[in-house]
Amino acid sequence: MLYCARSLHRIFLMAPKPKPHRLHPAGTALQSSAKRVRTMSTESSFKDAFGKYAEYLNDLNDKRERVVKASRDVTMNSKKVIFQVHRISKYNKEEVLEKAEKDLAAVTDQYMSRLVKELQGTDFWKLRRAYSPGVQEYVEAATFCKFCQTGTLLNLDEINASLLPLSDPSLEPLQLKILDYLLGLADLTGELMRLAIGRISDGEPEFAERICKFVREIYRELSLIVPHMDDSSDMKTKMDTMLQSMLKIENACFSVHVRGSEYMPLLGSSEPSSFLLGVSDIEL
C-alpha cells in the first residue's frame with residue numbers, strides 16, 4: 001500500500017507541468033483588429049491626399065510653362081509695337097500711330113487673351129513671376145502709344161478695363177497688379193528718352209520738351225511711392241535707370257536752348273551756319 005502511494009507520487013512529480021496560460025481581456029483582440037483597420041485607413045487617406053497634391057503641382061507646373069510661353073509672345077509682339085512708334089516723324093505721325101494702335105490691338109486680342117484665359121479663375125498671383133515680364137512690356141507699349149497720341153498717361157484702371165472683355169464673366173478676371181504697372185511705367189521712360197533725342201535730331205525740340213516734363217512728373221511721383229513699397233528691389237533698380245534717362249533728356253533740351261544756333265540745320269533752317277562758332281559761314 002505504501003509502495004503504491006510512493007509510485008503515484010513519483011509519477012505525479014515526473015509528469016510534465018502544464019504551461020500557464022496568459023489571460024487576455026475580452027476586448028484586446030477587438031482593439032488590435034480595430035487598430036489595424038485605423039492604420040490601413042490612415043495610410044490610404046495619406047496616399048489619397050498626397051496623390052491630390054501631386055496632381056495639383058503637376059497641373060500648376062504645366063500651367064506655368066504655358067504662361068511663360070504666352071508671356072514671351074506678349075513681350076516679343078509688344079516690342080514690335082514700340083519699334084513701330086519709334087518710326088514716328090513730323091511727316092508721318094498719324095500714319096505711324098495708326099499702325100501702332102492696330103498692332104497693339106492685335107497683341108491684346110491674340111496674345112494677352114491667351115494669357116488671360118490661362119490665369120482667369122485661378123490664384124494667378126502664384127504665377128506672377130511667370131507672366132510679369134510680358135505684362136510689363138505690354139504696359140510699356142500701351143502707355144507709349146497713349147502718350148504719343150494724346151500726351152497723357154494711360155493709367156492702370158484703363159488697362160484693366162481693356163482686359164475685362166477678354167475674361168469669362170463667370171470667372172475671376174485677370175487684373176494687372178500695381179507693381180507690374182509701375183515696373184512697366186519705369187521702362188517707358190527709357191523709350192521716351194530715345195524718342196526725345198530722335199525728335200531733337202528731327203527738328204522737333206518742342207516735342208522733346210513735352211517729353212522732358214512728362215518724364216519729370218513720372219519720376220517725381222514714383223520717388224515718393226517707391227521708398228514705401230514692400231517688394232521694391234526691382235523698382236529701386238529701375239528708378240536709377242529712370243533718373244539717368246531723365247538727365248539725358250534734360251541735357252539734350254538744355255543744349256538746344258543754350259547752343260540753339262548750332263542746331264539750326266537740325267531745326268530746319270535753310271540758312272548755313274557754323275557748327276563751331278554758331279554764326280553764319282564766312283566766305284573765304
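This is a predicted model: local features need pLDDT of at least 70, side-chain atom pairs count only at pLDDT 80 or more; totals for chains, interfaces and linings use all residues.
Is the crossing in which H6 passes H8 left-handed or right-handed? I looked, and H6 passes H8 in a left-handed crossing.

**Entry on the helix pair**

I started from the idea that two packed helices are described by the angle between their axes and the distance between the axes. H6 covers residues 178–201 and H8 covers residues 233–258. I found that their axes come within 9 Å and cross at roughly 20°. Angles under 35 degrees count as roughly parallel, so I put H6 down as roughly parallel to H8.

Next I looked up who makes the contact. From H6 I listed, among others, Leu182, Leu183, Ala186, Asp187, Met193, Ile197 and Ile200. On the H8 side I noted residues including Asp234, Met235, Lys238, Met242, Ile249, Cys253 and Val256. Sorted by class, this contact of H6 with H8 has 14 nonpolar, three polar and four charged residues.

**Entry on the cysteines**

How many disulfides does the structure hold? I got zero. A disulfide needs two cysteine sulfur atoms within 2.5 Å, so I checked distances for two of the cysteines.

Cysteine 145 is in no disulfide, and its nearest cysteine sulfur, that of cysteine 148, is 7.1 Å away.

Cysteine 212 is in no disulfide either. Its nearest cysteine sulfur belongs to cysteine 253, 4.7 Å away. I have already met Cys253 among the H8 residues in the contact with H6. Cysteine 212 is buried too, with a relative accessible area of 5%.

Notes:
Residues are numbered from 1 along each chain as its sequence is written. Side-chain values use heavy atoms; hydrogens and water are left out. Axes are lines fitted to C-alpha atoms, for helices over the stretch in contact, and angles run from 0 to 180 degrees between N-to-C directions. Helices (H or I, at least four residues) and strands (E, at least two) are DSSP runs, numbered from the N terminus. Angles under 35 degrees count as roughly parallel, over 145 as roughly antiparallel, 65 to 115 as roughly perpendicular and the rest as oblique. A crossing is left-handed if the near helix is turned anticlockwise from the far one by less than a right angle, and right-handed if clockwise. Contact means heavy atoms within 4.5 Å. Ala, Val, Leu, Ile, Met, Phe, Trp, Tyr, Cys and Pro count as nonpolar, Asp, Glu, Lys and Arg as charged, and the others, Gly among them, as polar. Buried means under 20% relative accessible area, exposed over 50%, partly exposed in between (1.4 Å probe, protein chains only).
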